[in-house]
Amino acid sequence: MATSPTEGRQARAVRLGPRSLTALGLVSAVGVAGFGWPFLAPPGSQIGAHAQDAPWLFAGLLVLLVAVVAAAISESGLGPKAVAMLGVLAATGAALRPIGAGTAGIEPMFFLMVLSGRVLGPGFGFVLGSVTMFASALLTGGVGPWLPFQMLAMGWFAMGAGLLPGPDRLRGRGELAMLAGYGFLGAFAYGTVMNMAGWPFMSALASNVAFDPHAPLATNLARFVAYCVATSLGWDLGRAVVTVVLTLVLGPAVLRALRRATRRAAFETPVTFESPRQ
């Protein structure tokens, strides 16, 4: 039986166009500076002044994140079905996140972000990751200067899953193994970049591993690694293992459900109007 050239190609609920890519690049550049300024600033600079600038950085990042989401939605022509799917997945992720509150590493929302980004693409993944973290913060009362960093980091995490190779052809165990491997590494990466957001302000609590604005880069890198090992390695490992287990166990069913939903939603099918018969 003949098949069309596009058959089997996954639909993308949000396709990143020029405006979306520009906004995403801008917010990512600001985010890299916001996360990595301790390693980018030369030793002896007035780095301590950043503590007073944090609220402004928070506001700027949040505005840019909103701009990315708005640009992605407006440029892609996100329809009501895609908005509904975004709402359902974001609400599900926000509800899953508090399950592990206070328990090291039990954060089941990460596997959902991986699978959603994989099926619905990097654009939808970035929007979903950001919106989910925002909704979760409202649900748990976790609104603060760290929120835009969490939104950006989760957006990157879910977007990365949408950029993995073989979205239209790779299936079965190979795809699950790839997603599980990405979830494992991505969970550690998320924890590491979030450590970078808080590490420079921990000097009063952990002087031996705290950021030293007068130390060379190699010394601060060693201090940061020691800080991660001492404070978050167990949590990050638990998050990574939970993500792998849930991906391998629930992944096949969730992937099928998401792909079935995208086929039925027909995000990329153009709307046509037929003229009435004469």
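In what order do the elements of the protein run from the N terminus on? They run α-α-α-α-α-α-α-α. The protein has 8 helices and 0 strands, taken as DSSP runs (H or I, at least four residues, for helices; E, at least two, for strands) and numbered from the N terminus. The model is predicted: local features need pLDDT of at least 70, side-chain atom pairs count only at pLDDT 80 or more, and totals for chains, interfaces and linings use all residues. Residues are numbered from 1 along each chain as its sequence is written, and side-chain values use heavy atoms, with hydrogens and water left out.

Of the 278 residues, 46% count as buried. Buried means under 20% relative accessible area, exposed over 50%, and partly exposed in between (1.4 Å probe, protein chains only). The accessible surface comes to about 14000 Å², with 68% belonging to carbon and sulfur atoms. Areas follow the Shrake-Rupley method with a 1.4 Å probe; for residues, only the protein chains shown count as cover. Contact means heavy atoms within 4.5 Å. Among contacts between residues at least 6 apart in sequence, 83% join residues at least 24 apart.

In soluble globular proteins, nonpolar side chains tend to be buried together. A nonpolar core is a set of buried Ala, Val, Leu, Ile, Met, Phe, Trp, Tyr and Cys residues joined through side-chain atoms within 4.5 Å. The largest one here holds 60 residues, and Val 27, Phe 35, Leu 89, Met 113, Phe 126 and Met 154 touch the most other members. Each of α1 (18–40), α2 (50–76), α3 (80–96), α4 (109–140), α5 (147–162), α6 (173–198), α7 (217–231) and α8 (233–265) supplies at least two residues. The largest share, 15 residues, comes from α4. Beyond four places in sequence, the contacts of Leu 89 include Leu 112, Phe 124 and Leu 258.

Ser 130 lies in α4 and has a relative accessible area of 1%. Its side chain reaches the backbone oxygen of Met 151 at 3.3 Å. This is a polar contact (N or O atoms within 3.5 Å; within protein, one must be able to donate a hydrogen and the other to accept it, and residues adjacent in sequence count only if both atoms are side-chain atoms). Gln 150, in α5, is buried at 11%. The C-alpha atoms of Gln 150 and Ser 130 are separated by 7.8 Å.

The whole structure contains 4 salt bridges, each a side-chain nitrogen of Lys or Arg within 4 Å of a carboxyl oxygen of Asp or Glu. Glu 107 pairs with Arg 239 (2.8 Å, N to O). Glu 107 lies in the loop between α3 and α4 and Arg 239 in α8, so the pair ties together parts 132 residues apart in sequence. Asp 236 also bridges to Arg 239, with the closest N and O atoms 2.8 Å apart. Shared partners join Glu 107, Asp 236 and Arg 239 into one network. Arg 118 and Glu 175 meet at 2.8 Å, N to O. This pair links α4 to α6, 57 residues apart. Arg 118 is buried at 0%, and Glu 175 at 2%.

On the surface, Phe 184, Leu 185, Leu 237, Val 241, Val 245, Leu 248, Val 249 and Leu 250 form a nonpolar patch with about 680 Å² of accessible area together. Patches comprise residues with over 30% relative accessible area and no salt bridge; like charges are joined within 9 Å, nonpolar side chains (Val, Leu, Ile, Met, Phe, Trp, Tyr) within 5 Å. Helix α8 gives the largest share, 6 residues. One of them, Val 249, is exposed at 59%.
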